[in-house]
Amino acid sequence: MSQVDSPLANAFPRPGRTLRVVLLGVFAVWLAFAVGLNWAGASPEAFYLFCGNTERILGGEVWRIFTAPWMHLPSGTIGHVLSAMIGLYFLSPSLEQHWGSARFARFLFFSSLIAYAVQMLLELVLPSALSARLVGSHWFGAIPVVEAVAIAWALSFRGRSVYLFGVLPVSSRTLILFVVGISVMYVIIA
């Protein structure tokens with residue numbers, strides 16, 4: 001049986017150059033902080049220095065809005081980083097192939113920037129008790145980017161299906177409803 005005829009040939013997508021760099025970067029940043037904090041005795045403040053914090057960003061630490069999407073919990077669970085990487089891995093290759101690497105890279109950059117800028121804005125305009133509950137003192141992770149990728153995939157490939165969690169086939173429309181529904185549920189349990 002040739003590689004093309006293999007049942008697994010189409011089971012796993014082939015990441016493009018941009019996605020490979022992003023996945024490697026997310027994993028490398030997580031690994032560096034996991035080893036540094038859990039084994040090398042680094043201070044947790046080193047991790048929080050790169051996480052988003054509205055007050056600190058407005059105070060001039062602007063890099064935080066750009067580094068926050070790269071940060072994932074370095075201890076306690078690997079689910080945080082794995083969910084981001086798996087979400088990107090399964091939905092992004094077809095987007096990168098359809099859009100091209102440059103457009104895909106811009107999309108990832110601006111979706112993270114816009115997501116966290118909106119979060120900052122909401123923290124500023126909401127009553128403090130509500131914003132403290134919804135936003136928290138530090139925010140980080142690529143999940144907003146994964147959600148943007150999922151919605152972009154669904155809008156770009158209308159009528160197609162994707163296997164949610166690798167087993168549950170859902171239409172592009174259902175994927176959008178799932179992403180929005182999960183986001184609403186996170187707000188409810190905040």
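Predicted model: local features only at pLDDT ≥ 70, side-chain atom pairs only at ≥ 80, totals over all residues.

Modeller: On the α1 side the contact is made by R17, T18, L19 and V22, and on the α6 side by S101, F104, A105 and L108. Sorted by class, this contact of α1 with α6 has 5 nonpolar, 2 polar and 1 charged residues.

Next comes the pairing of α1 with α5. Helix α1 covers residues 17-38 and helix α5 covers residues 79-99. Their axes lie 9 Å apart, and the packing angle is about 170 degrees. An angle over 145 degrees counts as roughly antiparallel, and α1 and α5 are therefore roughly antiparallel to each other. From α1, the residues in this contact are R17, T18, L19, V22, L23, V26, F27 and W30. From α5, they are V81, M85, L88, Y89, S92, P93 and E96. By class, the contact of α1 with α5 has 11 nonpolar, 2 polar and 2 charged residues.

The remaining pairing to describe is α5 with α6. The axes of these two helices come within 7 Å and cross at roughly 130 degrees, which makes α5 oblique to α6. Here α5 contributes L88, S92, L95, E96 and W99, while α6 contributes S101, R103, F104, F107 and L108. The class count for α5 with α6 is 6 nonpolar, 2 polar and 2 charged residues.

Helix α6, residues 101-125, also has a part in a surface feature: it supplies the largest share of a nonpolar patch, 8 residues. The patch is formed by L58, V62, F66, F109, F110, I114, V118, L121, L122, L124 and V125, and together they have about 1000 Å² of accessible area. One of these residues, F66, is placed in helix α4, residues 63-67.

Notes:
Residues numbered from 1 in each chain as written. Heavy atoms only, no water. Axes fitted to C-alpha atoms, helices over the stretch in contact; angles between N-to-C directions. Helix = DSSP H or I, 4+ residues; strand = E, 2+ residues; numbered from the N terminus. Parallel < 35°, antiparallel > 145°, perpendicular 65-115°, else oblique. Contact = heavy atoms within 4.5 Å. Nonpolar A, V, L, I, M, F, W, Y, C, P; charged D, E, K, R; others polar. Patch = residues over 30% accessible without salt bridge, like charges linked within 9 Å, V, L, I, M, F, W, Y side chains within 5 Å. Areas by Shrake-Rupley, 256 points an atom, 1.4 Å probe, with all protein chains shown as cover. Salt bridge = Lys/Arg side-chain N within 4 Å of Asp/Glu carboxyl O.
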